[in-house]
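Biologist: Please show me the model, and then I will ask how its descriptions are reached.

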Amino acid sequence: MSSQWIFLGDKFVKKEDAVVSVYDHGLLYGDGVFEGIRVYSGNIFKLDEHLNRLYDSAQSIMLTIPYEKEEMQQIIVDTVRKNSLESAYIRVVVSRGTGNLGLDPRSCSNPQVIIIAEQLALFPKELYEQGLRVASVASRRNRPDVLSPQVKSLNYLNNILVKMEANLSGVDEALMLNDQGYVTEGSADNIFIVKNKVIYTPPVYLGALEGITRNTIIELANEVGYGLKETPFTRHDVYVADEVFLTGTAVEVIAVIDVDGRKIADGKPGEITNHLLKEFRRVVTTDGVPCYPESNSAVV
Ligand code: PMP
């Protein structure tokens with residue numbers, strides 16, 4: 001098997017050599033930002049949107065990414081090409097870099113860029129056919145005025161803790177509420193509900209990441225003519241919904257069939273959820289930044 005190449009700092013290194021300092025503030029303090037991006041059939045899906053979110057997250061925490069957006073775009077494309085990938089998951093990390101043990105980022109002079117692209121491990125097909133079980137958890141989504149959920153930072157403890165809570169209670173995913181009890185999102189996905197053919201999703205200001213998949217679904221729903229409202233809702237609205245689904249880069253669009261032990265409608269993925277998943281899978285294969293412009297194939 002050929003080796004996997006990782007972009008680290010300013011060059012490609014073999015996976016075994018891709019190591020960072022124990023003084024990296026990304027490791028010591030979760031000080032940094034990241035993105036998860038997908039490649040479908042050699043095309044990077046919504047790369048501009050992911051880069052905009054990455055640079056916005058960095059701007060928000062006053063982290064200077066040592067590459068212009070266009071350079072970063074090229075490095076990401078090169079990483080996919082160098083690893084001859086067709087369907088892949090890309091992880092882009094920018095940490096504050098190496099400093100001393102104090103948390104003051106002024107000791108870190110060189111932000112560290114890491115880009116990993118690897119073959120995608122697909123979610124099992126059965127999960128899409130059966131749907132997920134979800135539970136609301138005791139830990140609340142961190143408040144936007146404490147650490148904005150719109151900053152995709154390396155500090156994912158809030159999300160990790162709720163995922164653990166959900167797993168401990170025997171379900172697949174967590175439903176996070178904000179401190180007012182309004183529904184925000186899952187541990188790594190946005191939430192939508194459907195009631196009487198109208199689709200609802202919480203406004204991001206309640207405490208959710210502005211998901212790229214979320215935005216794509218909003219666009220698709222408008223295109224195919226479903227009514228869609230960004231409006232606050234509570235657990236009760238989720239329990240009595242006709243359909244519930246989650247969206248995210250990894251999970252795409254996936255039905256939720258049980259929330260806190262309440263079966264959603266007939267306990268099967270709903271019609272609108274299935275329709276939007278189909279539409280989503282259609283656009284991901286036709287849209288995106290090509291990594292292999294000449295042959296459109298990783299095999300050269
Ligand atoms: N919320 C959180 C907390 C996430 O980590 C993710 C995954 N990036 C999402 C929502 C979904 O966002 P996207 O569709 O951009 O992957």
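Biologist: How many helices and strands does the secondary structure of the protein chain come to?

Modeller: The chain has eight helices and 16 strands. Helices (H or I, at least four residues) and strands (E, at least two) are DSSP runs, numbered from the N terminus. This is a predicted model, in which local features need pLDDT of at least 70, side-chain atom pairs count only at pLDDT 80 or more, and totals for chains, interfaces and linings use all residues. Residues are numbered from 1 along each chain as its sequence is written.

Biologist: Why are H2 and H3 called oblique to each other?

Modeller: The axes of H2 (residues 47-60) and H3 (residues 69-82) cross at roughly 125 degrees. Angles under 35 degrees count as roughly parallel, over 145 as roughly antiparallel, 65 to 115 as roughly perpendicular and the rest as oblique. H2 and H3 are therefore oblique.

Biologist: Which residues of H2 and H3 meet?

Modeller: Leu 47, Leu 51 and Tyr 55 in H2 meet Lys 69, Met 72, Gln 73 and Ile 76 in H3; contact means C-beta atoms, placed from the backbone, within 7 Å.

Key: Axes are lines fitted to C-alpha atoms, for helices over the stretch in contact, and angles run from 0 to 180 degrees between N-to-C directions. Two residues are in contact if their C-beta atoms, placed from the backbone, lie within 7 Å.
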